[in-house]
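This report describes one protein model for a reader who has not seen it before. The sequence and the structure come first, and the description follows.

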Amino acid sequence: MSRPVVVLGATGSIGSQTLEVADALGMEVAAVAALRPSRRFAEVAASRPDARVIVVGGSSEDRADFESAVGRRVEYDAPAVLDASATPGAVVVNGIVGAAGLRATLATLEAGNRLALANKESLVAGGPVVKRALQHGGEMIPVDSEHSALFQCLQGEPPEAVARLVLTASGGPFRGRSRQSLGEVTPEEALKHPTWDMGERVTIDSATLFNKGLEVIEAHYLFDVPYDRIEVVVHPQSVLHSAVEFVDGSWKGHFGQPDMRIPIQYALTAPARSDSPADPFSLAGRELTFEEVDRGTFPALDLAFVAGRRGGSAPAVLNAADEVAVEAFLQHRLGFLGIADVVGLTLDQVEWRQLDSVDDVLEVDREARGIAATLVAGSC
Ligand code: MG
């Protein structure tokens, strides 16, 4: 329990909940990092006088205000994030949004630290590179609720015993809607998620089912299970967080309150368990339902399977194009159905290649963003 905790993306949904959990566990917070010198981050930093404080963006004026609010030295360069990720013996909670989290993921693993991975994009975009970084003795524990569930179900099980991974999906706010009716959906409607409280991009990705697609790729890289043995089932109550079917016909599932503090805490304490940070949970009186994904209405899931099977650069292209398309949707520059269209076209237009280094990943990311941005501009 004495591991220092480094929180990257400290003001985001995962970061805030991590700080809450770490405080309740009495863990030392060694560093907090955020993109912007916001008032919220100043409060976080001021309340932890022993933590390193790192801000990557912001104007010099904002930084000056921030520093006086924090009341001590603040570091402003991106390399400081990587240096903090290498804090000896640390568990690094990577809650950075988007492919920008990749370098921190690698720095954590290369230092032999524990990575509590909430930044699924770094694994989706840089899977082959991240896998190689794991050879330095670091470990990766997923924070994503589905993957935390699968990780826990797989403990003590040999790989050849696993028949299938079954990821559950809430179905998002538009479950049951026809494709036609989704044409006029606004960002405000898409931001209302039925069961999970999350950041903006992941909430839109849940509405399109892109999030589930990214999670399929994440599961492939985390657990080395081929795509034809990974399935998705819609489970609107978000109580079964995922399940594993074994070759003998046995199933293991992970149930509990849909509360991100549970998988966050597990990533900090594993294999030990501490008292629940969430409300009490009981199965009695609950009705759990399961249904097939409507793949015609939500084409994003199949696009992710296509990209995952192509491997190499394809998942990085998928991720980058989706980041651009979601941003455009949030800014009313692209329709809801346009998100998957832009991603599919970008996937076809960026030439496939192998990924050997972080520079390869970032180059593919840049190229895909450029093409996706052009497609977005051409669509309005
Ligand atoms: Mg998830």
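## Aromatic pairs and core

Phenylalanine 41 and phenylalanine 66 are both buried, where buried means under 20% relative accessible area, exposed over 50%, and partly exposed in between (1.4 Å probe, protein chains only). The model is a predicted one, in which local features need pLDDT of at least 70, side-chain atom pairs count only at pLDDT 80 or more, and totals for chains, interfaces and linings use all residues. Residues are numbered from 1 along each chain as its sequence is written, and side-chain values use heavy atoms, with hydrogens and water left out.

Rings of Phe, Tyr and Trp (its six-membered ring) pair if their centres lie within 6.5 Å; planes under 30 degrees apart count as stacked, over 60 as edge-to-face and the rest as tilted. By this rule there are 5 aromatic pairs, including the two in the table.

| Pair | Centre to centre | Angle of planes | Class |
|---|---|---|---|
| Phenylalanine 41 and phenylalanine 66 | 5.5 Å | 20 degrees | stacked |
| Phenylalanine 329 and phenylalanine 336 | 5.7 Å | 65 degrees | edge-to-face |

Helices (H or I, at least four residues) and strands (E, at least two) are DSSP runs, numbered from the N terminus.

A nonpolar core is a set of buried Ala, Val, Leu, Ile, Met, Phe, Trp, Tyr and Cys residues joined through side-chain atoms within 4.5 Å. The largest such core has 113 residues, and Phe41 and Phe336 are among those that touch the most other members. Helix 13 (residues 314-330) gives the most to this core, with 11 residues. Apart from this core lies another, of 12 residues, among them Ala30 and Val81.

## Magnesium site

The magnesium ion has Asp144 (OD), Glu146 (OE) and Glu215 (OE) as its protein donors, 2.1 to 2.3 Å from it. Donors are N, O and S atoms within 2.8 Å of the metal (3.2 Å for Na, K and Ca); water is not among the atoms, so sites may look incomplete. The donor residues are spaced D-x1-E-x68-E in sequence. Aspartate 144 and glutamate 215 are both buried.

## A loop residue

Alanine 111 sits in the loop between helix 5 (102-110) and strand 5 (114-117). Alanine 111 is partly exposed, with a relative accessible area of 37%.
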